[in-house]
Amino acid sequence: MNHPQIAIFARSAKEDTPYLRSIEGQKSLLGRTMHDIAFDAIHDELVVTSPLAQAILSFRGAANGEEAPLRAIQGDKTQIKGVGATGKVSIDPIHNEIFLASPDQAILVFDRMANGNVAPKRILSGPDTQLSLGEQREGGGNVPCIRIDPIHNLLLVPVGGYGGGKVLIFDRTASGNTPPKAVIQGPVRMGNQFEIYAPKLRLITHTRNNIEIWKIPESGVSTEAPLKIPAPLGRQSGDIGIVLDPLHKEVIIATAAGNNIMTFSVPEVFDDWPAGGPLTSAAPVR
Amino acid sequence: MRVRRTKLECVILSAALVAIGVWAAPDRASRLVSVQQLPDGSDWCMADESSATNPSSPSPDEKILFSALRRDPYSTLVFAAQFTTPNVAEQERQAAEARAHGARTPVRTIRDTAPTYSAIAVDVNSNEVILQDNNLWEYLVFDRLAPTPTRSDEITQPKRIVKGDKTLIEFNNGLYVDPVSGDIFSVESDTGDKMVRFPRAAEGDVAPKAVLHTPHRVYNLAADEARQEIFATIEFPPQVVIYRKDASGEEKPLRTIEGDDTGLDAPHGIAVDEKDQLLFVSTWGHHSNFRIAGTGRWYPPAIKVYPLAAKGNVKPLRVITGDRTQLDWPAAMKFNPSNGDLYVANDIGQSVIVFANAAKLQGDVPPARVIHGPSTRLRNPTGVALDLTHQELWVSNLGNSSATVYPLMANGDVPPLRIIRSAEESKRGVNFGRTAAVTYDPIRQEILVPN
């Protein structure tokens, strides 16, 4: 990673469109490798990690150039651990909390306004949680992305790795050794990020070739298959990123090795589905 | 003109995000589309930082490959290429085929169609300039004396391009050219964890003549020609690894510099001073022990000076650091043995800074010369190369698909002598370097992309 910037583009940007601004440089405290990023539209801030320095950074939403973060969570009280494992971060802007998964098989929850060397406000961890977040290794070892549904008060945590596993669904405020209240049995394949569309209780991933839409159960174990929408990326790798633009009914994909950002129109993610599902299936390609 | 949003508008927009279902009017109901599901996952190359397997530990197949390379480096090269190929051509072909059969096509794609030049080298024997393209996974070879394009939309034509699945080139970031043979050494900053070596005349989609398995997160290269050793910086876990220059396969480093005393906090650029037997390493200051929670901290950027033969957990002899140094994401470095100058590509400083008498410097010292300003055409310079034969300084500009060349002793806001340009004159690159995450700002309707 030769230039760990955060580049900001107009939604309408296309090939060779320059970025509008970029957050970069020593003062930004940014470094490799940002495997996740979250925008807090209520407070107009963005949250990202600085993995090589075991830190969580919050910037102004309009941050530009060599700008310092508003806040940085870092230090021995934080329990932040790992490097690849520190690449993922999520925010609940409604309840003012930042979530970080740990290779110590724990979910750390910080106050959104935490700054400096502060302890997590709660920790979800223990054998009953069924958390299996991967282990920090010498060269890699990332934990999965986690997401919060602030409407239904859910915390979603994948387990089982990139090849596809379960998604554990906890109460948003779960702490200690609390079991999940629901499970998507899967296998749910995903890259670096997945997304949820809370109003419709849907989980969305891109699995290298298909966008998959899963129903999120609020209790019990769901074995329901996902809706699959073919959306191949061309040059890419497994570390795919994803975010939703509900207003325009678009799904935005970061292709990792493809070095590009692809926007797909996918109203199926956001719309009501008619009985039997929204799609008909054609014959396989091959 | 952008209308400044009020706080209330921001809150309303935010609420819209979580309650957007209300907006889904009946006339926006789902439509029937053709669906052809594609296979996912396991058959695709996945040698990246987040893969389920440890990139720094070779798979059983890789062990077999590298073992075979050691025994018979030539007959297995084709096999090597096939095994670790990035598989780009096949991925693109499958995507095109699927789209032709009804798969969804992106409505917009943000990408750079021009090269992103991460590193540069000069081969004075062939009078050629080599440029690493971190974006399109290739390196390009230009005539050293290629004139600056005259029209604003004109580009410089390369003499040769090395690109394709057989080359194994991915996210190539560090470059070294053997001053005798002209062999080109290339390392990558992510994914493949290897150094590939090509003969000077290599062209097209060709297999490297040697492949060396390296640690993950390599940044840059330098060499000690007297000892025939090649040095690589590893960003994290931070270290400098030193190999035989001819190393290949699974060959282990001759030695490493690593440990808490080294001060190698996110090492990047590296330069060798054979005359004074010194090693210069630039660091960005990100520090932590990944095995221990809460050990993260930041130090100021610095250039650390070690004995060239340093090994293990050694303290630097001297440290150049402080506001007066102007260091800001310091990238590649080169040392001029004829006068002791150390050249630093200073990415965010939009400059090349030159420290005179670098072997003796310590502390918060200003550079002796700073090449900076609009006339220089520098934009995110991350590569430097010295041509001592022709007394020229070459710079690769990550941010505008160009290489610019100056007199070796240039200072200030000086125009380049010549420019190699691979995009229009007004080019501003997107500087993507593996786009593995994304988020969206609904307030400004903007897409945020971290590298």
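Which residue in S19(A) does A:Ile211 stand opposite? A:Ile211 faces A:Ile229 there; some notes on the rest follow.

1. Ground rules: this is a predicted model, where local features need pLDDT of at least 70, side-chain atom pairs count only at pLDDT 80 or more, and totals for chains, interfaces and linings use all residues. Residues are numbered from 1 along each chain as its sequence is written, with chains lettered from A and ligands numbered from 1 in the order in which they are written.

2. Chain A splits into domain 1 (22-143) and domain 2 (147-272), with bounds from an automatic or database domain assignment. Their centres, taken over C-alpha atoms, sit 20 Å apart.

3. On the contact between them, 20 residues of domain 1 of chain A meet 19 residues of domain 2 of chain A (contact: C-beta atoms, placed from the backbone, within 7 Å). On the domain 1 side, strand S7 (90-92) and strand S10 (122-125) of chain A each supply at least two residues, and S10(A) gives the most, with four residues. Strands here are DSSP E runs of at least two residues, numbered from the N terminus.

4. Now the sheet: four strands of chain A line up as S15-S16-S17-S19, open and antiparallel (pairing takes at least two DSSP bridges between two strands). Strand S15 (195-197) and strand S19 (227-230) of chain A are at the edges with a single partner strand each, so one side of each lacks a neighbour in the sheet.

5. Back to the opening pair: strand S17 (residues 210-215) of chain A runs antiparallel to S19(A), joined by four bridges.

Methods:
Contact = placed C-beta atoms within 7 Å.
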